[in-house]
Amino acid sequence: MWKLTIEDDEGKQTVLPLAHDEYGLGRGEGNSIRLTDRNVSRKHAQLKRSGQGWSISDASSYNGTFVNGVRVVGEQAINGGDVIQLGDYRIELVDESKVVPAQDPNAQQGALAQVPVHQRPNRLVVVVGPNPGAEYPLDREHFTIGRAEEATISINHSSVSRLHAELIALGNGRYEIIDKGSANGIRINGVELKRGILEAGDALELGDVRLRFVGAGKIFRAGMGLGVDGQAMRPMGSFDNVATSVGTPVAPPRGPSLGKLIGIGAVVGLVVIGVIFGMTRTTTTATTNTVEEPEMSAFEAQVLKEATELVEAKDFDRAHTKLQAINDNSPVRESQPFKDIESKWADWMFSKADQLQDVAEKKRILQQIASTPSVSADQRKKAADQLHALAGPEPTTPPPQQGGGSYVPPNPGGGNAGSTSTNAGGTNGGATAPVKTAEPTSTPTAPPPPGQFDENAIRKGLEPRVWSGKASEADIKMLIAICRHQRDTACKDRAIAMLKQKQGG
């Protein structure tokens with residue numbers, strides 16, 4: 001039996017069994033699941049049963065739909081334990097057939113306390129959080145960690161998400177921990193990670209809760225590191241709380257034995273030999289190292305593949321548009337394939353601008369290149385320089401047809417009204433005519449310096465047309481680029497939605 005656990009921003013939860021095959025989610029009254037938060041669109045998303053699981057698609061919502069922190073583009077499959085974010089609502093998909101019955105924490109702690117310390121298995125011990133000193137034995141292959149009662153390791157604390165992380169045994173006392181889209185993340189030894197390896201002695205933080213991974217047969221002395229008030233624990237980077245299980249008192253520190261000194265000398269010798277070998281190897285081997293490409297999701301890999309195919313087909317504009325589906329904060333945007341596609345798009349736009357006679361349209365294309373942050377700095381500067389060259393002031397009065405650029409007003413003494421003079425001291429009809437230098441009726445605004453242009457003015461002119469639906473696709477794409485450059489996510493997402501609507505997608 002499938003169900004949804006819906007939690008609002010105040011922590012109130014509603015459980016909804018999924019008895020039908022399709023549900024509409026949104027703020028409008030016609031939705032099967034109505035979410036009244038103002039950040040939810042009237043028709044926000046669609047949830048459908050797909051084979052043995054479910055899938056979700058965004059209905060061109062204003063703020064988007066996210067699964068495990070990644071924005072949904074198109075239709076995306078979801079599984080039990082996945083977390084859906086709509087506005088301020090956090091929705092968890094639960095497969096009850098796979099939920100492990102919750103164990104009584106008190107009974108579990110009591111049973112573990114009966115086991116002699118030196119025989120206890122690998123375990124997580126609470127250092128800071130609810131029930132300091134509580135131990136969770138790692139005696140199976142797979143664990144879920146979270147605030148939910150059905151989690152294998154249930155930690156009732158507000159900073160811990162309902163399904164916060166997943167723990168998988170790798171063997172030899174090592175475990176892999178995976179963040180399941182939690183609100184406050186996971187940290188191992190102070191380093192924030194999406195997934196990492198836990199070993200004996202490691203410090204694990206889930207939100208504000210701190211735990212220590214104590215290896216099998218090790219003693220965790222909970223009293224060590226407490227302050228005067230009995231509350232302040234040792235820093236997370238300290239592992240003094242873990243000691244080997246020995247039945248005799250701990251001996252005072254001694255100097256290193258001869259065996260240890262010999263062992264240290266052997267290790268140092270091996271390291272030196274390794275360094276020398278590495279240096280000689282690098283001098284005789286050509287440097288063929290390549291930049292390590294960032295990890296990417298299956299969705300991002302698919303987007304990059306489709307954009308590359310469009311470039312090969314010379315459809316540079318669609319390739320550039322396709323790449324906009326990749327999240328702004330994704331490291332994929334720094335990868336070489338991504339940069340190559342954007343560079344080829346910019347070259348194509350320059351070629352297109354060179355062939356245009358319409359100055360306004362040429363400016364629009366150059367502005368779009370200059371305001372796209374994913375284009376190289378050199379190409380953006382080239383576009384801005386060309387814009388500067390096109391932005392010279394235009395005279396507001398016709399140029400003089402004679403003389404040196406001066407004119408004589410009509411002679412009030414009855415002389416030839418149309419007469420002109422190239423001599424400021426000349427006379428006409430016996431009276432001296434004052435000479436006046438021609439001036440434009442208005443002072444033109446100086447163009448911006450090379451490499452710059454007024455993004456705010458361009459945006460101000462584009463937004464009314466885009467939001468009213470009267471803008472062209474090119475105008476919408478320019479607004480998307482400016483909003484992205486100004487890091488205005490709401491503006492960018494709204495413009496992307498307008499572009500999809502314009503394209504009929």
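**Walking through the model**

Modeller: The protein chain has 10 helices and 28 strands. These are DSSP runs, helices being H or I with at least four residues and strands E with at least two, numbered from the N terminus. This is a predicted model, where local features need pLDDT of at least 70, side-chain atom pairs count only at pLDDT 80 or more, and totals for chains, interfaces and linings use all residues. Residues are numbered from 1 along each chain as its sequence is written, and side-chain values use heavy atoms, with hydrogens and water left out.

Biologist: What share of the residues is buried?

Modeller: Of the 505 residues in the protein chain, 35% are buried. Buried means under 20% relative accessible area, exposed over 50%, and partly exposed in between (1.4 Å probe, protein chains only).

Biologist: And what does the accessible surface come to?

Modeller: About 29200 Å² for the protein chain. Carbon and sulfur atoms hold 52% of that. The areas come from the Shrake-Rupley method with a 1.4 Å probe, and for residues only the protein chains shown count as cover.

Biologist: What about contacts between residues 24 or more positions apart?

Modeller: They account for 46% of the contacts in the protein chain with a separation of 6 or more. Contact means heavy atoms within 4.5 Å.

Biologist: Switching to voids. How many cavities of 30 Å³ or more?

Modeller: The count is 2. A cavity is a set of points, on a 1 Å grid over the protein atoms alone, where a 1.4 Å probe fits but cannot get out. Grid points are joined across faces, edges and corners, and a volume is the space filled by probe spheres set on the points.

Biologist: What volume does the largest cavity have?

Modeller: About 80 Å³.

Biologist: Which residues line the largest cavity?

Modeller: H320, T321, Q324, Q368, T372, K477, I480, A481, R484 and L499. Lining residues have an atom within 4 Å of a point. Helix 4 (316-323) and helix 9 (473-485) are the elements that give two or more residues to that lining. Helix 9 gives the most, with 4 residues.

Biologist: How does the lining split by class?

Modeller: It has 3 nonpolar, 5 polar and 2 charged residues. Ala, Val, Leu, Ile, Met, Phe, Trp, Tyr, Cys and Pro count as nonpolar, Asp, Glu, Lys and Arg as charged, and the others, Gly among them, as polar.

Biologist: New topic: G28. Where is that?

Modeller: In the loop between strand 3 (22-26) and strand 4 (33-34). G28 is buried, because its relative accessibility is 12%. G28 touches R34 and R42, not counting residues up to four places away in sequence.

Biologist: What separates the C-alpha atoms of G28 and S41?

Modeller: 7.7 Å, with the two residues 13 apart along the chain.

Biologist: Last one: what is the phi of N131, and of K314?

Modeller: N131 has a positive phi of about 55° although it is not a glycine. N131 is in the loop between strand 12 (123-128) and strand 13 (135-137), and is exposed at 55% relative accessibility. K314 is not a glycine either, and has a positive phi of about 65°. K314 lies in the loop between helix 3 (298-312) and helix 4, and is exposed with a relative accessible area of 61%.

Key:
On a 1 Å grid over the protein atoms alone, a cavity is a set of points where a 1.4 Å probe fits but cannot get out, and a pocket is an open set with protein on both sides within 12 Å along at least five of seven lines; lining residues have an atom within 4 Å of a point.
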